[in-house]
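Have the viewer open as you read.

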Amino acid sequence: MASRARAAKSEDAAAELLARVARGSEEAFTELYRRFESRIFAFCMSRLNDPAVAADVLSEVMLEAWRQAERFEGRSKVSTWLFSIARYKVLDEMRRRGRRPEEELDPALPDEGRASAVDALAGAEREDEVRRCLQNLSDAHREAVHLAFFEDLSYAEIARIVERPEGTVKTRVFHAKQALKRCLAQLGVTR
Amino acid sequence: MSEASGPQARELQALLPFYVNGTLEGEERRRVEAWLERSPEARAEADLLATLRERVKRVSSVEAPGELTLRRTLSAVRREQRVRLRTPGWVKLAVAACLAVIVAQGVALYRTAGGPVDGYATLGGGVEQAALEVTFAPGATELQIRTLLDEADATIVGGPGSLGVYRLSLGGGADAEARARTLELLRSRDIVTHAAEVAP
């Protein structure tokens, strides 16, 4: 409950910052940038996996926020709004590079069951495997996992960002989790 | 999962990740809690998801690019502000009209050169001749830019991005030598602050 109250307070502060950005405050823009820089950059990295390109996209996202600030009506959280912009910019960047975003397909791997997935997850030394399995996910599944587990967003918020029905988001996270389990189990077993 | 076969159980499984990340509320939260209470397998699945969430947080944490990117973004913001403040409304309309003419000429040239005539091709995508990227000095006028593009036999096919970068297509199926000559020409002009070759 306390963390929710903190989150709500932080969201109010972000909305206030954005209102000042809409009135042309460079100081508010800098503060808004610093507040969201890490989260937007991590999101861009999860899709683009290239720090230089992700930094360019981060810059584009924040510039777009500057341009569009006066159109923000407060119907969603500022973070949700920024992630929506980020998603569009990432997709633009992928198209520009001739990469077609994959929707749902993940490489098929045999189902090795929960126990071996748990084994594979145990221990910090397995971070490389987790990273590798995340990279093996389709773009849509990796995006869903990032927003659900890194950002801790609700399925309703994710649905607004990815512009898909809530049911689709729940299904994506479920299938992504299954694919991760399979991948981790296989890596754990074959090591 | 023994009871994880019907539609209701599938729904609970789909809700579980959002219970684990702490965003599930109200009736949905109560239903998942009741399921966890009666099913050891559901609890094991929740534990797995919690571990997975923690690992995803750990591997997805990246150091943000920091001050350099902030400064670059602020420069772009200031550039836009200057243009907004300095440019009267009628000039914006005139520039838009000029750009529309340039764009229309580009499309006409592209079609004359054998581009698709039976479908509409956007300027940002599908034009395979895009070969150079260029940034103009903030004080460059539309006339100076147009004159230079005429001289270089180049057409704007994309941009400007947030950093003011335009993509140019070169006429007549320019080969590597012609692209190099055009690059040299662009770089020799004061109104060009950056010119480089990009992959088509």
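This is a predicted model: local features need pLDDT of at least 70, side-chain atom pairs count only at pLDDT 80 or more; totals for chains, interfaces and linings use all residues.

The buried residues in helix 3 of chain B are B:Ala42, B:Glu45, B:Ala46, B:Leu48, B:Leu49, B:Leu52, B:Arg55, B:Val56, B:Val59 and B:Ser60. It's handy to recall that an α-helix has 3.6 residues a turn, so residues three or four places apart point the same way.

Between chain A and chain B the count comes to 8 salt bridges. The two chains also have 16 residue pairs in polar contact, counting pairs with both residues at pLDDT 80 or more.

Which elements of chain A give two or more residues to the side that touches chain B? They are helix 2 (26–48), helix 3 (51–68), helix 5 (114–121), helix 6 (127–136), helix 7 (139–150), helix 8 (155–162) and helix 9 (166–190) of chain A. Helix 2 of chain A supplies the largest share, 10 residues. Sorted by class, this side of chain A has 29 nonpolar, 8 polar and 15 charged residues.

How much do the two chains cover up? Chain A and chain B bury about 4,500 Å² between them, with 61% of it on carbon and sulfur atoms. The contact draws on 52 residues from chain A and 48 residues from chain B.

Back on chain B, move to the loop between helix 3 (40–60) and helix 4 (67–86), where you'll find B:Ala64. Is B:Ala64 buried or exposed? With a relative accessible area of 17%, B:Ala64 falls under the 20% cut-off, so this residue counts as buried. Setting aside neighbours within four places in sequence, B:Ala64 is in contact with A:Glu37, A:Ser38 and A:Phe41.

Finally, step back to chain A as a whole. Chain A has 9 helices and 0 strands, and reads α-α-α-α-α-α-α-α-α along the sequence. Of its 191 residues, 52% count as buried. Among contacts in chain A between residues at least 6 apart in sequence, 69% join residues at least 24 apart.

Methods
Residues are numbered from 1 along each chain as its sequence is written. Chains are lettered from A and ligands numbered from 1 in the order in which they are written. Side-chain values use heavy atoms; hydrogens and water are left out. Helices (H or I, at least four residues) and strands (E, at least two) are DSSP runs, numbered from the N terminus. Buried means under 20% relative accessible area, exposed over 50%, partly exposed in between (1.4 Å probe, protein chains only). Contact means heavy atoms within 4.5 Å. Buried area is the accessible area (1.4 Å probe) that two parts lose on being put together, summed over both. A salt bridge is a side-chain nitrogen of Lys or Arg within 4 Å of a carboxyl oxygen of Asp or Glu. A polar contact is a pair of N or O atoms within 3.5 Å; within protein, one must be able to donate a hydrogen and the other to accept it, and residues adjacent in sequence count only if both atoms are side-chain atoms. Ala, Val, Leu, Ile, Met, Phe, Trp, Tyr, Cys and Pro count as nonpolar, Asp, Glu, Lys and Arg as charged, and the others, Gly among them, as polar.
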